[in-house]
Amino acid sequence: MADTQTKRAFKWEPVIDHGILILGALMMILPIVIALTTASQPDVQIIKEGLSFQIGDQLDDNISSALFTQGGFSGEITGMLMLQNSMILGIGFAVGKIIIGMMAAYAIVYFRLRFATFAFWIIFTTLLLPLEVRIMPSYEVVQGMGLTNTYTGLILPLIASATATFFFRQFFLSVPEELVEAARIDGAGPVKFFIDILVPLSRTMIAAMFIIMFVFGWNQYLWPTLITTEEHMYTLVRGIRQIIQDQDGATIPQFGRGIMLAMLAILPPVLIVVFFQSWFVKGLTESDK
Amino acid sequence: MATVSVTNISKTYPNGAQAVHPASFSIADGELIVLVGPSGCGKSTLLRMVAGLEDITEGELRIGDRVVNEVEPAERDIAMVFQNYALYPHMTVAKNMAYGLKNRGTSKGDIDAKVREAAEMLDLNAYLDRRPSQLSGGQRQRVAMGRAIVRDPALFLFDEPLSNLDAKLRNQMRIEIRALQRRLGTTAMYVTHDQVEAMTMADRIFVLNAGRIEQIGTPSEIYRKPASTFVASFMGAPPMNLLTATTDGSGNAQVGDLSIPVAAGSHAGAVHLGIRPEEVTVTAGGGVPFQLGLIEELGASRLLHGKIAGQDFTVNAPNDDAGLADTLSLDLPTSSLHLFDGATGQRL
């Protein structure tokens with residue numbers, strides 16, 4: 001017995017497979033580790049020696065300054081406030097897109113509208129018109145309505161969503177017709193059916209959409225840059241640059257604080273994906289009808 | 001509890017296809033009628049028109065003494081059981097049953113009592129807090145039944161409710177549904193394509209073909225006196241044998257070279273000569289010659305497939321395990337023969 005075991009051929013494949021996986025994982029993780037170690041160094045050190053692989057002694061100082069020190073020209077913005085603004089943008093963006101997308105899909109799928117398919121394709125083609133293309137007119141409209149430097153102005157122009165409408169449409173089409181009929185016989189009107197049956201049925205899809213849209217909203221850069229001029233409205237992604245840049249020339253740029261802030265900016269999307277990932281896979285691949 | 005009366009009801013789709021030709025019938029209080037026919041014969045459409053899920057193009061539908069043509073399904077006082085159960089997957093069994101009542105504004109106490117009563121009746125007590133996905137097919141079907149029962153409707157509608165179950169469960173549920181319907185005394189319409197279900201469950205059977213009702217009758221009427229060759233060949237397993245023949249009007253039918261005695265009638269000309277496989281007997285000699293082809297063993301009996309004068313013919317003979325010759329002699333009793341018009345297929 002022992003003989004046959006020692007004779008068994010050594011297999012290279014698992015070693016190679018794991019080698020590739022480990023390399024890939026390192027590629028993803030190392031920049032974050034380096035950012036973290038660098039952020040624990042004093043600003044002077046960072047300027048002198050660049051990126052650092054060693055943990056320094058400034059970690060807690062940089063965290064607290066990233067979160068709580070007031071910055072910007074006016075001094076009315078802190079990391080916490082930016083975090084809050086980003087959160088409002090991300091959640092408002094995701095929730096708004098889901099509500100609008102669901103309602104649009106509901107109308108297209110369940111009501112015998114005359115040009116439902118046509119309307120759907122019109123909505124679908126807006127995928128070809130991302131914000132960058134229509135940014136001037138969008139800005140004109142929002143500015144004309146006096147919505148610059150407001151959450152409404154930040155969120156509203158972005159929430160019409162072809163992607164969400166498309167996903168919900170596909171999902172609704174897969175809901176069996178008999179379920180609709182059973183609900184009709186049970187006396188559920190259009191609104192009741194939507195709220196009592198369709199929304200609960202779509203919950204995995206809603207979760208999946210929420211993740212995608214939240215991360216997308218959180219990472220918005222161009223629109224917030226354009227629409228927020230007052231510093232207390234800054235989102236995290238927009239604010240980081242400001243921190244590093246501010247008081248340029250007069251003092252040493254606060255690299256530690258800036259990098260730390262960037263780390264914090266990564267955290268919420270990561271947490272959301274980690275917590276919801278099983279829902280995410282479920283929502284996009286299966287349904288419990 | 002209610003009667004249903006239907007006057008010249010028909011369904012034409014916008015593209016001009018006529019799914020249901022004008023039909024009139026009435027259903028007595030507490031009666032279970034079965035609509036049976038091949039796929040696409042309009043039986044489900046007819047049922048869905050009664051349910052209110054399809055518009056009625058023309059005609060009048062009354063449930064009880066109300067004309068309900070324009071009434072919403074929920075207001076028609078009906079309950080429907082679907083083929084795929086159509087349970088709400090995110091609700092527990094209890095909530096599935098309660099949903100219709102809740103929408104009607106029934107009080108919570110009443111709902112609980114009714115759900116409990118229905119669960120008791122259907123043996124679902126242990127499952128009230130489960131989701132449909134945690135139940136077996138038979139249990140889901142029971143929940144669908146429960147959802148219908150709690151509404152205490154005037155009319156039950158069943159749309160092929162047993163098609164998704166395996167054969168054994170189907171037999172069992174068939175009996176359960178029938179017993180339950182009798183006990184509740186609720187009028188019911190039941191759609192199926194399975195003629196065994198139709199025969200065993202129905203008070204009266206409606207046989208449909210291509211959007212028309214071919215025959216309405218009790219199971220034994222349908223079996224004994226089919227109104228047309230379609231009914232004759234659709235109902236019964238194996239179906240009735242139909243031989244193309246000509247009659248001379250004086251008690252003889254000519255099938256190929258063979259002459260078979262039939263009841264003397266005035267009709268002369270092309271006919272279909274029908275006889276049930278189980279009413280044919282194999283005799284020692286002197287009968288109609290039959291070329292045996294294939295034997296199907298059924299245990300108690302066996303099916304002999306072969307030809308009479310070159311036309312397909314099946315005999316259901318008792319199984320005595322004896323060997324059979326290639327050519328047998330059959331007795332076709334005159335009293336068991338059915339005559340159908342050769343052109344229209346109508347019973348003569």
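Start inside chain A: 15 residues of domain 1 are in contact with 11 residues of domain 2, contact meaning heavy atoms within 4.5 Å. This is a predicted model, in which local features need pLDDT of at least 70 and side-chain atom pairs count only at pLDDT 80 or more, while totals for chains, interfaces and linings use all residues. Residues are numbered from 1 along each chain as its sequence is written, chains are lettered from A and ligands numbered from 1 in the order written, and side-chain values use heavy atoms, without hydrogens or water.

**Stop 1: the two domains of chain A**

Colour 13–68 of chain A as domain 1 and 81–285 as domain 2; these bounds come from an automatic or database domain assignment. Their C-alpha centres lie 31 Å apart.

Together the two domains of chain A bury about 1200 Å², 83% of it on carbon and sulfur atoms. Buried area is the accessible area (1.4 Å probe) that two parts lose on being put together, summed over both. Now select D43(A), I47(A) and A66(A): they supply 35% of the area that domain 1 buries against domain 2, more than any other three residues.

Look for salt bridges between these domains and the count is zero. The rule asks for a side-chain nitrogen of Lys or Arg within 4 Å of a carboxyl oxygen of Asp or Glu.

Next, show α2 (13–39), α3 (43–49) and α4 (59–68) of chain A, the elements that give two or more residues each to the domain 1 side. Helices here are DSSP runs (H or I, at least four residues), numbered from the N terminus. The largest share, six residues, comes from α4(A).

**Stop 2: chain A against chain B**

Bring in chain B. The contact takes 18 residues from chain A and 25 residues from chain B. Chain A and chain B bury about 1900 Å² between them, 55% of it on carbon and sulfur atoms. Select E178(A), I185(A) and D186(A), which supply 39% of the area that chain A buries against chain B, more than any other three residues.

Stay on D186(A). It forms a salt bridge with R151(B), the closest N and O atoms being 3.7 Å apart.

Finish on the helices. Show α10 (177–185) and α11 (190–201) of chain A; each supplies at least two residues of the side that touches chain B. α10(A) gives the most, with seven residues.
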